[in-house]
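Here's a quick briefing on a protein model, meant to be read with the structure open beside you. Have a look at the fold first, then come back for the details.

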Amino acid sequence: MKKSLVLASVALGAICASEAANAQTVIRGGGATFPSIAYRNLFDCATFQPFGPSANTPGGVTTPLSPSCVGIGPNFPHDAFLFLYAPVGSGAGKAGFVAHTASPGGTNNWTAKVSGNIPYADNTFAPTWPYASIQFAGSDDLLLPSDVATYNTNSGPANWGNILFMPAVIGPVAISINPTKDGSGATWAVAANTIKLSRKSLCGIFSGHITKWNNASITADNGTTVGTGQITVVHRSDGSGTNFLTTNALANQCRTVFGTNSETDTTLTLYSFPWTDNGVAVAQCPALPAVGANKNNWPDTGATDQCTHTISNPGGGVFVAAQGNSGVASSVTTTNGAIGYNTADVVQPIVAAGPQTAQLQSQYDIDNSTGAYHLPTAAGAQAAMSAVTPVFDDTTRANPLNWAAQGTVPNPALPGSYPIAGFSWFLFYQCYAAADVAATIPQYLNFHYANALSAKVLGDNGMAVPPAPWVNEIQKLITTTSPIGHNGDGGVCNAKSGA
């Protein structure tokens with residue numbers, strides 16, 4: 001998007017002058033862990049920076065600024081506002097958004113979910129944690145018809161206007177591994193971040209059929225035996241958009257992949273993704289699809305699923321759960337021979353102390369026998385997501401489900417694509433209670449999508465801005481189709497209470 005883009009009806013300079021840099025305008029959000037570190041860096045660069053941990057700051061540890069933000073002083077144009085973001089997972093983020101509260105269901109279930117390594121609260125100006133309500137959310141998971149139905153039941157359109165659902169960033173999902181020692185305790189004699197996993201090996205591991213690092217498929221991928229011990233698959237225990245992106249890719253990419261049932265059983269079996277959707281309501285039983293989901297019925301979650309079906313694991317793979325993106329990274333790092341899935345900003349090479357990452361094949365490499373394998377990079381994720389271009393008109397753009405329907409590429413096939421990639425999404429309300437919030441949010445979005453510094457910050461975190469066709473549609477959405485406003489503005493939001 002061109003930098004000439006102007007998304008707010010109130011000039012930012014006037015806002016800053018009125019606030020006198022006292023940062024009393026606090027805009028709170030939460031949700032996906034996938035982009036949470038990038039968001040914290042972006043908010044710290046573009047707006048007022050929290051003074052640091054306070055008595056009730058979750059974790060009590062400050063996140064370093066992105067290298068691209070170092071030296072940005074307090075006179076940066078957006079420094080009169082404070083954005084806060086709690087990484088509670090995509091499911092909790094969406095639930096809080098559709099209810100306009102950080103406590104969906106009547107209890108503050110966000111507090112226990114917040115990761116402990118980033119400050120998401122600041123008591124310098126007013127108590128901000130636990131959040132009483134939120135003004136935006138983040139999700140890697142798609143907005144579902146059930147989410148919109150709940151929003152409507154909560155009188156969302158009458159109170160807060162349309163849901164503005166838009167892609168915020170592109171990122172890859174890294175397959176994180178711990179090759180320092182394999183499951184047998186032996187040290188691996190391989191260079192960092194060089195272990196290759198073919199489509200067959202990846203599908204076999206996550207379906208529970210490839211259970212040892214000396215499996216013939218992994219040995220063939222690497223031309224040598226990389227390890228000898230147990231593979232332990234670490235998955236998300238909470239509702240997670242990162243889980244959705246990973247399992248949606250596996251569900252689509254593994255449908256026709258075959259291999260032996262296990263290292264000790266040569267029976268030929270399908271390596272299709274077998275773990276069903278944990279979010280399907282009991283009322284829909286017995287129809288539980290094995291699909292990409294916010295949360296799946298992994299074999300360690302219990303003997304039966306929500307329909308009382310036995311969760312079978314014929315290959316005998318070992319699975320363990322961990323809370324949050326950082327929890328998976330920590331579990332992989334501390335478990336010999338572990339494998340998991342993480343955002344690029346918590347693994348090597350971006351975080352030197354983070355887990356190593358495996359190299360993967362894309363559909364293009366398979367179809368064209370290129371022999372290429374890819375590490376998770378922003379460029380590879382951009383190549384993957386460039387395969388989809390949104391198609392809207394003035395009548396379809398306002399429906400957030402139309403955005404969700406066009407926003408996934410579960411098996412990218414363009415050259416240079418990384419095979420597990422996707423959008424992380426913003427959810428904003430159309431109508432806000434306060435004029436300064438309604439003016440600040442479009443100004444931030446202008447920075448987010450059109451400022452070179454924003455692009456650099458995302459790059460520091462292994463992510464990227466969505467392609468131009470998507471950004472152009474975002475501009476139309478928030479300026480023309482569903483313009484952001486506030487209670488008393490004389491427009492569509494005039495009679496609404498606002499978020």
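Let's start with cysteine 285, which is partly exposed at a relative accessible area of 27%; here buried means under 20% relative accessible area, exposed means over 50%, and partly exposed is in between, with a 1.4 Å probe and protein chains only. Before going further: this is a predicted model, where local features need pLDDT of at least 70, side-chain atom pairs count only at pLDDT 80 or more, and totals for chains, interfaces and linings use all residues. Residues are numbered from 1 along each chain as its sequence is written, and side-chain values use heavy atoms, with hydrogens and water left out.

**The disulfide at cysteine 285**

- Cysteine 285 is joined to cysteine 307 by a disulfide with an S to S distance of 1.8 Å; the term covers a pair of cysteine sulfur atoms within 2.5 Å.
- The torsion about this S-S bond, between cysteine 285 and cysteine 307, is about -85 degrees, so the disulfide is left-handed.
- Both cysteine 285 and cysteine 307 lie in the loop between β8 (265-270) and β9 (318-322), so the pair ties together parts that are 22 residues apart in sequence.
- Cysteine 307 has 9% relative accessibility and therefore counts as buried.

**The other disulfides**

- How many disulfides does the structure hold? There are 3.
- Cysteine 203 and cysteine 254 make up another one, with sulfur atoms 2.0 Å apart.
- This pair links distant parts of the chain, 51 residues apart: cysteine 203 is in helix α6 (residues 199-206), while cysteine 254 is in the loop between α8 (241-253) and β7 (258-262).
- With a torsion of about -85 degrees about the S-S bond, the disulfide of cysteine 203 and cysteine 254 is left-handed.
- Cysteine 203 and cysteine 254 are both buried.
- Cysteine 431 and cysteine 493 are joined by a disulfide too, S to S 2.1 Å.
- Here the S-S torsion is about -75 degrees, so the disulfide of cysteine 431 and cysteine 493 is left-handed.
- Again the pair links distant parts of the chain, 62 residues apart, with cysteine 431 in strand β14 (residues 431-432) and cysteine 493 in the segment after β15 (485-486).

**Around cysteine 431**

- Is cysteine 431 buried or exposed? Its relative accessible area is 1%, so cysteine 431 is buried.
- Cysteine 431 sits 268 residues from isoleucine 163 in sequence, yet the two are 9.3 Å apart in space, C-alpha to C-alpha.
- Leaving aside neighbours within four places in sequence, cysteine 431 is in contact (heavy atoms within 4.5 Å) with residues including Trp160, Gly161, Gly485 and Cys493.

- Beyond its neighbours within four places in sequence, phenylalanine 206 is in contact with several residues, among them Ile175, Trp275, Trp298 and Ile339.
- Histidine 448 lies in helix α13 (residues 435-450).
- At 0% relative accessibility, histidine 448 counts as buried.
- Setting aside neighbours within four places in sequence, the contacts of histidine 448 include Tyr39, Ala168, Phe426 and Val465.

**Whole chain**

- The protein chain has 15 helices and 15 strands; these are DSSP runs numbered from the N terminus, with helices being H or I of at least four residues and strands E of at least two.
- Of the 499 residues in the protein chain, 57% are buried.
- Among contacts between residues at least 6 apart in sequence, 75% join residues at least 24 apart.
- The chain exposes about 17700 Å², with carbon and sulfur atoms supplying 55% of it; the areas come from the Shrake-Rupley method with a 1.4 Å probe, and for residues only the protein chains shown count as cover.
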